[in-house]
Amino acid sequence: MAKQGQTEQGRETTALERKGLEGLTAAANQAATSAPAGRKGLPPVHLWNPPFCGDLDMRIAGDGTWFYMGTPIGRPALVRLFSTILKREDGKHFLVTPVEKVGIRVDDAPFLAVEMQTQQDARGRLLRFRTNVDDWVDCERGHGLRFTAAADGGLTPYLHVRAGLWAKVTRALYYDLVDMGEERVVDGEAMFGVESGGEFFAMADAKQVRDAL
């Protein structure tokens, strides 16, 4: 039998974990309302530096599903709440309150970009993305796109949401980005990419794209 405060695998449980999902929810709610709201109504997690209290048995899968102790969290409002106290430091992800910080696992990116709108402003075309937790993000300087090599030989796009937190762009939206792409010379090299918010986000070498078509 595992000792009190430990799981069957021997990992010590955190104080938050021992409170259960209801306790986690209460702590997240308190954190969200304990300080003046930051930009876009989000709590100012960048200002909080509480002690690390261990890893929590919470995981964000590659498809955006959140799991707690191996069980999917089926309430979108709860996922949204937890996402507001998510923080990334040194390549790791944490849930943070003013008094404690717990580590969680993220298989790929913590968010998904699931919808895209095309608008026009003084800079020209502006792409706006909605994430799976209903945040809208304008694709522009500071909230750009990056493209990484995918296992199938293609590309996987990611959108910077905030403070080192990224959203993986769905495959359907990736094809839309390719359709609106164009060639431009970047640092003397012909690149294929997409413009948004006055910025050009390069996807790949233009010759490689042409050869693949």
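Student: How do helix H2 and helix H3 cross, and at roughly what angle?

Tutor: Read the fitted axes. In this predicted model, the axes of H2 (residues 20-33) and H3 (residues 76-83) come within 9 Å. They cross at roughly 55 degrees.

Student: Is H2 parallel or oblique to H3?

Tutor: Angles under 35 degrees count as roughly parallel, and 65 to 115 as roughly perpendicular. The crossing angle is roughly 55 degrees, so H2 is oblique to H3. The crossing is left-handed.

Student: Which residues make the contact?

Tutor: H2 supplies Leu21, Leu24, Thr25, Ala28, Asn29 and Ala32. H3 supplies Leu78, Leu81 and Phe82. By class, 7 of these residues are nonpolar, 2 are polar and none is charged.

Student: What does Leu165 contact, leaving aside neighbours within four places in sequence?

Tutor: Its partners are Leu86, Lys87, Arg88, His93, Pro110, Phe111, Leu159 and His160. Leu165 and Ala109 are 56 residues apart in sequence, yet their C-alpha atoms are 7.5 Å apart.

Student: Where is Asp135 found?

Tutor: Asp135 lies in the loop between strand E8 (124-131) and strand E9 (136-138).

Student: Is Asp135 buried or exposed?

Tutor: Apply the cut-off again. Asp135 has a relative accessible area of 12%, so it is buried.

Student: Which residues does Asp135 touch?

Tutor: Not counting residues up to four places away in sequence, Asp135 touches Arg80, Phe129, Arg130 and Arg162.

Key: Residues numbered from 1 in each chain as written. Predicted model: local features only at pLDDT ≥ 70, side-chain atom pairs only at ≥ 80, totals over all residues. Heavy atoms only, no water. Contact = heavy atoms within 4.5 Å. Axes fitted to C-alpha atoms, helices over the stretch in contact; angles between N-to-C directions. Helix = DSSP H or I, 4+ residues; strand = E, 2+ residues; numbered from the N terminus. Parallel < 35°, antiparallel > 145°, perpendicular 65-115°, else oblique. Left-handed = near helix turned anticlockwise from the far one by under 90°. Nonpolar A, V, L, I, M, F, W, Y, C, P; charged D, E, K, R; others polar. Buried < 20%, exposed > 50% of the residue type's maximum accessible area, 1.4 Å probe, protein only.
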